[in-house]
Amino acid sequence: MRLVVGYLATDGGADALALGVRLARTLGAALDVCMILPPDRVLPALVPTGGYEDVLAEQAGKWLAEAAATVPDDVEVATHVVFDESFAEGLIGEALRLESEAIVVGGAGGGLIGSHSLGSVVNELLHSAPVPVALAPRGIRHSAVERVREVTCAIGVRPGAEVLLRTAVRASEAAGTPLRLVSLIALDPLHTTRRPDDTPDTIRERSLAHAAETLEVAKSILPENFPVSSEITHGPTVEAAVNKLDWHDGDLIMVGSSRLAQPRRLFLGSTAAKMLRVLQVPMVVVPKEEMTDHD
C-alpha cells in the first residue's frame, strides 16, 4: 500500500507529511512525498546556465531530502519531483502512476475554514481526484500521536453511502481501529432532507432507523466482535451537530462525495464543507464510486 503526500516546504506541507506518517504507520503503508513544480516557460535572465527546471529540481530535491529525513525509520519513504502545469493534476498523475490508495495534503493558504485551509490546489483536488484525499488540519505537525485512534464515518440520509461505508470498513479493519458510524441531523427548516409534513421528531426517527440499518450492514461485513458503534447527533445546523461529537487527538473522519460528483471522482459536498469549518481532526473525502482494475 502506498500513500502520496503533496509536499511544499511550508507549515502546510509539514502538516501533510505528519498526517501521511500517521496514516502510513497505522496502515502499514509506504509514503511517496511529491513536489509538483511548474514547467519552464521562459528562462529567467538571472537563472544560471543549466536551465530553470534544473535549478528548481535541485532546490526541490533539497527540500524533499530534508522532509524525508524527518520521517521515522519505521516508515518507508521515497521522494519525487514532477513538473506539471497544475499542482493538483500532477499529484493525481503521481497517485495513479504509483497506484496509491490516497493523496494526503495540508493547508495551501487562502480560503481559511476553521483549522483547515482550502487553497486553490486543495479545492481542486477535493473536486476532481479519483482516489480518496486526506486533508490535514493546521497544526497537526505538533501532535505526538503516532497512529489513528478511531475512524468516524459520516453516513448521510440519502442513498449512495455504500462506497463510503465499504471504504471506512476496510480502513478500520486494516488499521485495527474502532469504527464509529455517525449521522448528523441539521434541524433547519431549509434542510434539504425535510418533507412537507416533517417535524424534528420525525426527522430524528427516520435518521435513527437509517443509522441502525447502516450499523447492521457494517457489522455484517466486519469480523466478529469488531468494535463498531453508531451515534446520532442533531442541532440547528450541521456545524452545531458535529460540535456535539466527542473528538480525540488521533481521530479522523471519512465523508463521501456529493451527489454532483462525476463517476469515480471526488466532489466535496456542502455538508462536508460545513463540517470542515469546525473540525479539528483530519478529514478523508472518498470518491463517488470505487476505482476498478480496468480503470
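User: What makes the ten strands an open sheet, and in which order do they stand?

Analyst: In this predicted model, ten strands form an open sheet of mixed pairing, ordered 3-2-1-4-7-12-11-8-9-10. Strand 3 (77-83) and strand 10 (228-235) stand at the edges; each has a single partner strand, so one side of each is left without a neighbour in the sheet. From one strand to the next, the twist averages 25°.

User: How many helices and strands does the chain have?

Analyst: The chain has eight helices and twelve strands.

User: How do you know that strand 1 and strand 2 are paired, and in what sense do they run?

Analyst: Two strands pair if at least two bridges are found between them. Five bridges join strand 1 (residues 2-6) to strand 2 (residues 30-37), and these strands run parallel. Therefore the two count as paired under the cut-off of at least two bridges. Among the individual positions, Val5 has Val33 as its bridge partner in strand 2, and Val4 stands opposite Asp32 in strand 2.

User: Why is strand 1 called mostly covered?

Analyst: Four of the five residues of strand 1 are buried, and on that count the strand is described as mostly covered.

User: Which helices lie on the sheet, and at what angles do they run?

Analyst: Helix 3 (residues 87-97) lies across strand 1, strand 2, strand 3 and strand 4 (102-105), and runs at about 145° to strand 2. Helix 5 (residues 162-175) also packs on the sheet, where it touches strand 8 (150-154), strand 9 (179-186), strand 11 (251-256) and strand 12 (283-286). The direction of helix 5 makes about 155° with that of strand 11.

User: What makes strand 9 mostly covered, and which residues lie on its faces?

Analyst: Eight of the eight residues in strand 9 are buried. On one side are Leu179, Leu181, Ser183 and Ile185, and on the other are Arg180, Val182, Leu184 and Ala186; all are buried, and both faces are accordingly covered.

User: How do you know that strand 9 pairs with strand 8 and with strand 10?

Analyst: Four bridges join strand 8 to strand 9, in a parallel arrangement. Strand 9 and strand 10 also pair in the parallel sense, over eight bridges. Val151 has Leu179 as its bridge partner in strand 9, while Ser183 stands opposite Ile232 in strand 10.

User: Why is Thr152 called buried, and what does it touch?

Analyst: Thr152 lies in strand 8. Its relative accessibility is 0%, and the limit for a buried residue is under 20%, so Thr152 counts as buried. Leaving aside residues up to four places away in sequence, Thr152 touches Arg180, Val182, Trp247, Leu252, Ile253 and Met254. Thr152 and Leu252 are 100 residues apart along the chain, yet their C-alpha atoms are separated by 6.2 Å.

User: What makes Arg180 a charge that sits over the ring of Trp247?

Analyst: The charged end of Arg180 lies 4.7 Å from the centre of the Trp247 ring and sits over that ring. As for pairs of aromatic rings, the structure holds zero.

User: Is Thr177 buried or exposed, and where does it lie?

Analyst: Thr177 lies in the loop between helix 5 and strand 9. Its relative accessible area is 4%, against a limit of under 20%, and therefore Thr177 is buried. Beyond residues up to four places away in sequence, Thr177 touches Thr26, Val148, Arg149, Glu150, Val151, Ser172 and Phe226.

User: Why is Glu99 called exposed, and what is its phi?

Analyst: Glu99 has its place in the loop between helix 3 and strand 4. Its relative accessible area of 65% is over the 50% cut-off, so Glu99 is exposed. Phi of Glu99 is near 55°, a positive value in a residue other than glycine. Most residues other than glycine have a negative phi.

User: What percentage of the chain is buried, and what percentage of contacts joins residues 24 or more positions apart?

Analyst: Of the 295 residues in the chain, 47% are buried. Among contacts with a separation of 6 or more, residues 24 or more positions apart account for 75%.

How values were computed: Residues numbered from 1 in each chain as written. Predicted model: local features only at pLDDT ≥ 70, side-chain atom pairs only at ≥ 80, totals over all residues. Heavy atoms only, no water. Axes fitted to C-alpha atoms, helices over the stretch in contact; angles between N-to-C directions. Contact = heavy atoms within 4.5 Å. Buried < 20%, exposed > 50% of the residue type's maximum accessible area, 1.4 Å probe, protein only. Phe/Tyr/Trp six-rings, centres within 6.5 Å; stacked < 30°, edge-to-face > 60°. Lys NZ or Arg CZ within 6 Å of the ring centre and 35° of its normal.
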